[in-house]
Amino acid sequence: MTACAIEPAAANDDNEDGQTPRTEYAITEDGEPPRTECAIAVNGNENGKTPRTECVITVDGSYAARLAQDGGSWFPERWTLDGPEPYAVPLPGNQPEEPGTEVQPMGDGRVLIRRFADGRHNFSLLYPTGPTTGELPLGAVECPGEETILRLLPPAPGGERAYALAVGPRSSAVWLVAGGAFGPEHLAEIPGRCSGGVWLDRTGRMLALDRELGGRTKAVVVDLGRGGEVSPLLQIADGSDDRLLLADPDSGLLLISSDAPSPGRARLGWGVLGSTFPVRFPECLRVPDCTVTPFAIQPGQVLTPECCGVALRIDGPMGGWVGVWRPAARQVQHLAAPEGWLAGSGLWTEAGELLLPYATANAPCGVARWAAAPRSGPLTGETEGPGGTGATGAGDAGPEGPEGGGGTAARSPESGPPEPVVARPVPLQQAPLGNLVTK
């Protein structure tokens, strides 16, 4: 793989699967977890059930970006979310985009776009310039061979840089594709085929990837501040496939997929980064005949990871909806998704509001706000969009228990915040599974 000189962004991806940007990993009841878009291409295991994220949001929640459609033509669209009400700005180019084109918002309001043509992934920054769209070409990454797949990684903290993961037959590469000094920059080469991508800190240095090597998939940490040094993160059992789905840098809460408690069947569980407590797999996170995909964690709960709100996308035969769960709870609160929800996308605020972007014919740019009580009680909600707000109603919420369903709950320090430190992740192999598969 080589980085090409900066040049105008060219034609679009002509060999992708036609899906919009991906969501993270999901768990199904049948034990065959659907892959993310990146993992489908890597593993060749397309099953037609992969949930997709239709909207990508910056870490601080200021901006979002998506591919919108008008009359059968696709074009990038930027949403501003941190003002009095959300609004969208279309960023069409000289020609329609392909459905597989990826977009990602940057912290300054520009939108990164990845287009594919002739074996090269072309990157540009888009921004509004009056009636037209400005475009700043950043360069390209050339991926020789059809077996190498390149996808954007989730937005990095700070919003100043953007990264991509290129997965080849025997190794994977991390690229800095926006925010560098001289175009795309190769940062790290990792043995094995990687997928996923979760940031573990607020500086954009520690990146977790799910690496397939020797027939097993284990989450590892790539330290971008030390030349891409790789260290293990999840090793729950020697023969298990252990993936990291989401992480909150403030509390250290991790959402994990592993077949350790049920060999051959992936389960959704949780742990705490650097904790000596075991990984737990609550029974309430298993929804029969449904796919459960965690997509957002409540930030700011520094000393209480078990009280973080976790948003779940739940897809079943009768449609999709939103689930809200906390590690300290015995059950999931099920909420009706707002009409036009850009499924798989959303953001928690520190105050406990869950923001769900949606688009309908009458409200092409809206945000539904679900306010949760700190530890228990029903949720209340309102819908925010151009022209005012309106009620959306609460979900059918039940009381939450004080503990995580039969397992040993993670404890929190009793007094004042500790001195700030930069801690490296501790592999969870030291926290054995034991019998703590909770109900």
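Two strands pair if DSSP finds at least two bridges between them. Keep that in mind for the tour. The model on your screen is predicted.

**Stop 1: colour by confidence**

Colour the chain by pLDDT. The average is 78, and 73% of the residues score at least 70. Now select residues 376–424. Here the pLDDT is below 50, and the stretch has 109 contacts in the model beyond near neighbours in sequence. Select residues 430–439 next. The pLDDT is again below 50 there, with 31 contacts beyond near neighbours in sequence.

**Stop 2**

Select residues 111–117 and 120–129. These are strands S8 and S9; they run antiparallel and are joined by seven bridges. Which residue of S9 stands opposite Leu-112? It is Leu-125.

Now go to the turn. The hairpin of S8 and S9 has two residues between the strands, and Asp-118 takes a positive phi near 55°. Asp-118 is not a glycine. Most residues other than glycine have a negative phi. Is Asp-118 buried or exposed? Asp-118 counts as exposed because its relative accessibility is 73%, and the cut-off for exposed is over 50%.

Pick out Thr-129: its bridge partner in S10 is Thr-132. The hairpin of S9 and S10 also has two residues between the strands. In that hairpin, Gly-130 takes a positive phi near 70°.

**Stop 3**

Strands of a sheet pair through backbone hydrogen bonds, either parallel or antiparallel. Show the four strands S3, S4, S5 and S6. They form an open sheet in the order S3-S4-S5-S6, with antiparallel pairing. Which strands are at the edges? They are S3 (56–57) and S6 (87–90), and each pairs on one side only.

Zoom in on S3 and on S4, residues 63–70. Two bridges pair them in the antiparallel sense. Ile-57 stands opposite Ala-64 in S4.

**Stop 4: aromatic pairs**

How many aromatic pairs does the model have? There are two.

Select Tyr-163 and Trp-199. Their rings are tilted, with 5.1 Å centre to centre and 55° between the planes. Tyr-163 belongs to strand S12 (residues 162–167) and Trp-199 to strand S15 (residues 193–199), so the pair ties together parts that are 36 residues apart in sequence. Both Tyr-163 and Trp-199 are buried.

Next, select Phe-295 and Trp-341. This pair is tilted too: the centres are 5.6 Å apart, and the planes are at 50°. Phe-295 lies in strand S22, while Trp-341 lies in the loop between S25 (333–335) and S26 (347–348), so the pair ties together parts that are 46 residues apart in sequence. Phe-295 is buried because its relative accessible area is 11%, and buried means under 20%. Trp-341 is buried as well, with a relative accessible area of 11%.

**Stop 5: a charge over a ring**

Select Arg-280 and Trp-270. Arg-280 lies over the face of Trp-270, at 4.2 Å from the ring centre.

**Stop 6: the largest nonpolar core**

The largest nonpolar core has 20 residues. Show those with the most contacts inside it: Leu-253, Leu-255, Leu-285, Ile-297, Val-310, Leu-312 and Trp-325. Which elements give two or more residues to this core? They are S19, S20 (253–258), S21 (267–272), S22 (291–297) and S23 (310–316).

Centre the view on Val-310. Leaving aside neighbours within four places in sequence, its contacts include Leu-253, Leu-255, Ile-297 and Trp-325. Val-310 is also in contact with Trp-348, among others.

**Stop 7: two loops**

Select Leu-234. This residue is in the loop between S18 (229–232) and S19 (242–247). Leu-234 counts as buried because its relative accessibility is 0%.

Finish at Asp-289, in the loop between S21 and S22. Asp-289 has a positive phi of about 60° although it is not a glycine. Asp-289 counts as exposed, at 61% relative accessibility.

Key. Residues numbered from 1 in each chain as written. Predicted model: local features only at pLDDT ≥ 70, side-chain atom pairs only at ≥ 80, totals over all residues. Heavy atoms only, no water. pLDDT = per-residue confidence, 0-100. Contact = heavy atoms within 4.5 Å. Buried < 20%, exposed > 50% of the residue type's maximum accessible area, 1.4 Å probe, protein only. Core = buried A, V, L, I, M, F, W, Y, C linked by side-chain atoms within 4.5 Å. Phe/Tyr/Trp six-rings, centres within 6.5 Å; stacked < 30°, edge-to-face > 60°. Lys NZ or Arg CZ within 6 Å of the ring centre and 35° of its normal.
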